[in-house]
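Reader: I would like to learn how to read helices and salt bridges in a model. Can we take them one by one?

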Amino acid sequence: MRFVRELTSWLSGTAEADNFPYSEVLAEFHRVGKHFVEKELLALLDQIRTQVTVPAAGPPAPAVRLLRDFLDVALDKWDGRYDYRSYLALRLLRLPCGEDDGPGREDDGHGDGDGPVAGADSARRGRDQLLVRLVADALAFELAAGADATDLLPQDRPSREVVAKRCRLGVRAASPALTRLGLAGAVHDREPAAPATLRDLAAGLDPAGELALRLSMLPVYVSHDEYLFIRVLQAYESLFAGLADELRATIAALSAGQARQAADRLAYACGQLTAAGPLFSLLATMQPAAFRTFRQYTEGASAIQSRSYKLVESLCRTPEGPRLESPAYHQVPEVRDRVRAGQPSVDEAFRAAVRDGLLTGPDGDLVEQAMRGFATAVHQWRRTHHRLATRMLGPRPGTGYTEGTPYLAAVRSIPVFTSVTHDPISSRTTDPTGGAPS
């Protein structure tokens, strides 16, 4: 087998991280799906991992870090630690995925959103670039498959009509980020060449990150729609990581009595979450039968394990005891520990600012309005998530040993904030999936 020859040759040669035969290994994972990779290859990769050393002091070289992260993602099932974060390869995308803010922390050195404005702008730009790249890559795969230019994930190819709809929705989903990047009007969703244009634009955003992006696609099976599923979920994880940073900055601004800055941060977060609605429309084009096929092999991985989402929830408002002790937070012990250690929240910071006289009159009204707007966006996101899950799953249980749609139904009305009044029922807006509009 070619991958054995390549890996053996690499081991017997210089065995340098920067010339690791990624293409051959990736091709084998793609040929059968991660769930079905032969034990011979997994054992060989595990042996290689033990030989890839990380320095005791200081950060590893970029090539070494990339190889270690790839092997950890590729061997998650072999190690018995497969979960939602390893399924989505969040370490390779430099999104929060570990139990601390160490090697897996998104954009090391870019700041976490509560530092100088320049750092916040850099982090925002990086996430916009990543979203565009993720969506562009998903559409590039759709185009290649539609043109019979790839044999990757050949099972259950969608119709040409579905591919065309995905391309329109994908360009639409990327448009807000393109606008923020100063590329407004560069791509129009109704133009036939739009997906190819988006692909070309994305290629120039982060050339150095292209290998990591390619390695972050490790489906468990060979079903076509799993490619789209992974890329959209990765995009949402990036979104929620960014929301967490905005909320941390909101807390810092409230603590300093900076009403305008706090309101601006919340408004930006609200805009991000609202503008991401087309991602759900894109996901809604998945074929339910195809989804149910590949999800058989994702047992152990569930969105309930999303660290970024729980950070957002807990930064908005400190979870009450029963919620903190529920399976949702037991799945993210690092977040639960932060809450127990006294992690501040927007709710708490707002109350304190009002109590201490830091927010009075128009300033208080400004922040309250921003909090209500963000709460509305969160409730809408939850409702849409529930509707889409119900469409795809029906009454079936969720993966990751969760109860699936009943869980989503139960938690969708949890208050985002309690320090301001908000009625999630009366603030209903149009479902972004809308039956996957064209």
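**Reading burial, salt bridges and a helix**

Author: Aspartate 72 is partly exposed, with 21% relative accessible area. Keep in mind that this is a predicted model.

Reader: Which residue forms a salt bridge with aspartate 72?

Author: Look for a side-chain nitrogen of Lys or Arg within 4 Å of a carboxyl oxygen of Asp or Glu. Here the partner is arginine 49, with the closest N and O atoms 3.2 Å apart. The pair links distant parts of the chain, 23 residues apart. Aspartate 72 sits in helix H4 (residues 62–74), arginine 49 in helix H3 (residues 39–51).

Reader: Is arginine 49 buried or exposed?

Author: Buried means under 20% relative accessible area. Arginine 49 has 11%, so it counts as buried.

Reader: How many salt bridges are there by this rule?

Author: The count comes to 30. One of them joins arginine 85 and aspartate 83, at 3.9 Å from N to O. Arginine 85 is buried at 10%. Aspartate 83 is buried too, at 18%.

Reader: Now helix H11. What span should its 31 residues have?

Author: Count 1.5 Å a residue; residues 225–255 should then span 45 Å. The end C-alpha atoms of H11 are 45 Å apart, which agrees.

Reader: How many of the 31 residues of H11 are buried?

Author: The number is 29, so H11 is mostly covered.

Reader: What follows H11?

Author: Glycine 257 follows, and its phi is positive, near 70°.

Key: Residues numbered from 1 in each chain as written. Predicted model: local features only at pLDDT ≥ 70, side-chain atom pairs only at ≥ 80, totals over all residues. Heavy atoms only, no water. Helix = DSSP H or I, 4+ residues; strand = E, 2+ residues; numbered from the N terminus. Expected span 1.5 Å × (residues − 1). Buried < 20%, exposed > 50% of the residue type's maximum accessible area, 1.4 Å probe, protein only.
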